[in-house]
Amino acid sequence: MAAASVVRSGAVTLSYGAVRALDTVSLDIPAGRMVGLIGPDGVGKSSLLALISGARAMQQGELQVLGGDMRSTMHRQAVCPRIAYMPQGLGKNLYQTLSVFENVDFFGRLFGLDRAEREARITDLLTATGLERFRDRPAGKLSGGMKQKLGLCCALIHDPDLLILDEPTTGVDPLSRRQFWDLIDRIRAGRPGMSVIVATAYMEEAAGFDWLVAMNAGQVLATGTPAELRQQTGAADLDAAFIALLPEADRMGHRRVEIPPLDHVASDYAIEAEGLTMRFGDFTAVDDVSFQIPRGEIFGFLGSNGCGKTTTMKMLTGLLSASEGHARLFGQEVKPQDIAIRRRVGYMSQAFSLYGELTVAQNLDLHARLFKLDEARITPRIREMAERFDLTDVMGVRPDALPLGIRQRLSLAVAMIHAPDILILDEPTSGVDPVARDAFWQILAELSRKDGVTIFVSTHFMNEAMLCDRISLMHAGRVLVSDQPQAIVEAHGAATLEDAFIDYLEAAIGETDAAAEAPAPTGPKQNRGAPSRRIFDPRRMFSYAMRETMELRRDPIRGTLAILGSLILMLVIGLGINMDVEDLSFAVLDHDDSKISQDYVNQLSGSRYFIEQSPLLDYAEMDRRMREGRLDLALEIPPHFGRDLLRGKDVEIGAWIDGANPTRAETVQGYVQGMHAYWLTERAREEYGDAAVAGDFSLQLRYRYNPDIKSLVAMVPAVIPLLLMLIPAMLSTLSVVREKELGSITNLYVTPVTRLEFLLGKQLPYTAIATLNFFLITAVAIFIFKVPFTGSFLVYVLSGILYVSAATALGLVVSAFMKSQLAAVFATAMGTLLPAVQFSGLIDPVSSLQGLGAVISRIYPTTYFMTIARGAFSKGLGFADLAASIWPLVLTIPVLLAIATALMRKQEK
Amino acid sequence: MDLVNILNLGIKEIRGLLRDPIMMFLVVFSFTVQIYTSATAVIETLNRAPISVVDEDDSPVSNRIIQAFQPPYFTPPVLITQGEMDRRMDEGRDTFALDIPPGFQRDLLAGKVPEIQLNVDATRMAQAFSGSGYVQQIVAAEVNEFLNHYRSSEPPSADLVLRARYNPTLNGGWFQAIMGISDSVTLLALVLAGAALIREREHGTIEHLLVMPVTPLEIMVSKIWSMSLVVLVGTAFSLVVMCEWLLGIPVNGSLALFLLGTALHLFATASLGIFLATVAGSMPQFGILMILVLLPLQVLSGAQTPRESMPQLVQDIMLFAPNTHYVILSQSVLFRGAGLDVIWPQMIWLAGIGAALFSISLHYFRRFLK
């Protein structure tokens, strides 16, 4: 097998929209070797690895992995358990809230390992990687190096034949990096047949690999062993070899960075740190850090992600105030409130952090203004910066559209806009290609040597550290040593700075890597694969369901929405939906003030709908009080009302209603008219007897189901279906879209879990929570809003469970169309509420709908549960009466799940 | 606090918003389409109400009655038997079922005052209420006409002359449009201010700002004024162009006074948006929080259903929500033409709530930056 190839590609091409990520890549990667893909960010390394792992769908060309065609679903299914893939980004495919053990265990279940085997293998792997001590720590709280080791454990749990690692050591400290590669070596020693393909941006690492593929701009530049590549280009090291391999145009203007030595060391210090300490709770991020940086020096800060570099820089800039110790710039204490000192400092933070929505010119302008440059100086200064940093051609462009190298220059230009004496740069070159990186350092050299700017820069590239005048090595919040880089190397008798750093790290930790002595993980006893080939494996489904539950429990905002969301909304709507209009305020302008007029008014004030206010004296008062919104109704009784009425003369009572809220006004109108008519009838009855008021026929009104016509009784059973659709659907949509956004969806692509198992695993916990919600809001309806329940509770409960299952299944369907969680929240809210409110019988009965509305109402599950909820609550119905609405619900669930499964992808497009 | 910084940062916010197509769509949509549809697509309480008739008489008069029920108020009546009636009502297929007894016409002519039964599904509140009135009127009119019996109807001895003030035709669209504006104002203030903060955090630009000579207070104030200004301009546009010109809704009160009240409300809600953003931390979490906060605010503010109908406790609690006062204020000013002499209590409430929310937000914002 060793001589055969593990991957063979023919003219593979991959485009994202207009961008061509891979351009006719033809490769033959030998099996059983440690193969490196080298090249800067964005040249197509990750895309190629994603294709090889099967995570991304093929577009053009041919790709054979482990002896079969990756375009064939059959083959992908067959080889998937033999491939392990660790995507780029620290812990990208891990679940941050799950513990170390839970993460590995989840992958073990997906690959169909039984309990005993999982336990044994996980312990084995965790011991080998030195993670056993952190078994119960959440993945999100691990350091970068530990996250990567955990990722490796997850990848190795099923003992793959092909291990694919995408930049596994980017951002990891050198000791962890070395440990990581040692671990890989030991694993390979234990399993000689295993092929490993690694993408890396560190040339030092790649120098130790068996075979390399150099890539640039979607194309392969060269392949061969590291020695062959160096020979081919006649370069001394891989960095130089790579630059030599680049096409002429990309190399243009490149020259090696040359920094003239600092001719004299200034006597005053630009930056001083004295016992700087920063604690977050019981965690000490920076521990007693001291250094002094003379003016004009380039001072490097070397260390891994999370070692305290950024925190130290933030204390120097006053972004954070130190727990202990002092930071001084030019002898002045740094205080967070002290704005003045900031004018002397330029800061460039780790990630690119300028406004993508502003153009290059606008960004420069904004910063110039914030730093209070004189209005007259702004334009020339911006022009000066643009020329110096070669930005003149892109002034009108938005930074988002620019390559990383130019964006870094822009960041530097922004940091320099106010001509600061100190520049603080936090990993300014991570992800930038070697040519642009060298150009960047050349600018730094000029700033330091020509302009006398003091530069404080952090990096995790050793070759950049070598360019600094002095460096500090930092680890776990402490400075291990500060000196000239060459002196550090020599003092330790080490070959390279990296070796020296590792020596310091080991000395600091006070132990050699405990894991190094641990035995390499052994392979599993027997070769599995049989159980994981099954079309439907409940274990994999439950694996997802369990994980989802654990994640939800550890996310307070989503958890609150899940458990209490429906309940809160139920209470709010129940309290707010009340249309019963009572306690209306009215006042009378009584010009008559007779017994009859008083009788008329008393009838109103005696009813439960109206409350009489102090009488009105004139029209002006009426206007004023109505304008103030203090009267819903004003009555005017004309002079001689009583006398005229008795004499049979026509009289007119004037009534003014506050029409601001028309619905309310209509109700008031109805009440007043009704009472007026009743008063007249009563008077007629008194005067002429019953016969005078009898009609031709009588109409007997029977208000069924809700004889008192109460809003709550009518509305609450109709609101329940609405809420049980909204939040459960939103949660199940989010559960899938979250994975898409965070990147852990990759685990669906590259593990044997099937789409149906994945979806059901997602649906199960949310259906359970929705069922709980269903009981809660039913209880609120019955016990708090006192809506009588008259029908069959059993039928209601069974239908409710069916309905929430349909709601969560609908959410899964929606998730297929969504990419971001924010869009998912609003689209689900809109998409479920609109049909539920308009077309499900909440307001207009389904039978009065026409056209599209009628069609939607017939297929939308809320329609059926609305009938069931009303029937069971108010109409006293049981199974026989409601069967016609239950069966459609039963049918909806498998149909929706089938649609969701069909829309879901097992590969990224 | 440096006013020039606040101005410059605010201009940056507005530039950023103008370049954000989704947010701009939301702003434009909320103040145009949203207002237009809520004003014109008023749900008539009686629209194709389903009715069925059990005609046990099958006489000319019963046929007359059946013929009288027509769209748009009613669906054409379905003729059913007495046995079917319960089942159809149980299934929610009919809101009204009219039962005309045997011998109805005979008894009518004989002056025996026969009785018609009208069954109403009272779980459909709105239809049941207004619909039964219509049914009664229609039946009475048909019977009257059939009898062709024009009794010298005694002139009503007392007439009630009803006039609705501020909205004489009780056009529901007016109310919906104005309340639609107040809903849009609240939604946008929350979303724009909150999203502006989260966007900076997700892009890492907030730290960048803080190393410059800028204070958290300035950052927060700049976001509040700029986003509020955008919403305020939208509000004025919506009120003048959409409501007055396009929809022909008369605005009674002073526009300036209303905008002043809106500015106070924006101060409060934008502060709330920033507070929510500091709690949520990420956009998706913010989206979820929005739903849990916005719905209660809007449903209980009095814009949907009258505040007076809510339980006293809810009314009291909602006194601390800016929406409540804003809804009262906008109804008073825009419909009743009330002046400052009437709405000053609302102004004070809004300013107080705004100040409280602002201080809480500032506190959390400072902590959020740590």
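Modeller: Two residues are in contact if their C-beta atoms, placed from the backbone, lie within 7 Å. Leaving aside neighbours within four places in sequence, B:Leu192 is in contact with B:Leu17, B:Met23, B:Met227, B:Val230 and B:Val231. This is a predicted model, in which local features need pLDDT of at least 70 and side-chain atom pairs count only at pLDDT 80 or more, while totals for chains, interfaces and linings use all residues. Residues are numbered from 1 along each chain as its sequence is written, and chains are lettered from A and ligands numbered from 1 in the order in which they are written.

Biologist: To which nonpolar core does B:Leu192 belong?

Modeller: A nonpolar core is a set of buried Ala, Val, Leu, Ile, Met, Phe, Trp, Tyr and Cys residues joined through C-beta atoms within 7 Å. A residue is buried if 20 or more other C-beta atoms lie within 10 Å of its own. B:Leu192 belongs to the largest core, of 346 residues, where A:Ile164 and B:Leu192 have the most contacts. Helix H26 (residues 711-742) of chain A supplies the largest share of this core, 20 residues; helices are DSSP runs of H or I, at least four residues, and strands are runs of E, at least two, numbered from the N terminus. A second, separate core has 29 residues, including A:Met622 and A:Trp656.

Biologist: How many helices and strands does chain B have, and why is it described as more spread out than a compact globule?

Modeller: Chain B has 15 helices and five strands. Its radius of gyration is 28 Å, well over the 21 Å that the globule rule gives for 370 residues, so chain B is more spread out than a compact globule. That radius is taken over C-alpha atoms, and the rule is 2.2 Å times the number of residues to the power 0.38. Along the principal axes, the C-alpha atoms of chain B fill a box of roughly 95 × 45 × 40 Å. Buried residues account for 52% of the 370 in chain B.

Biologist: Which residues of chain B does UniProt list as "transmembrane region"?

Modeller: The unreviewed UniProt entry lists residues 21-43, 174-198, 229-249, 255-279 and 343-365 of chain B; such annotations may be inferred rather than shown by experiment, positions follow the numbering used here, and feature names are shortened. Residues 174-198 of chain B are 100% helix, with end C-alpha atoms 36 Å apart. Residues 255-279 of chain B are also 100% helix, and their end C-alpha atoms are 35 Å apart.

Definitions and conventions
A residue is buried if 20 or more other C-beta atoms lie within 10 Å of its own, exposed if 12 or fewer, and partly exposed in between; C-beta atoms are placed from the backbone.
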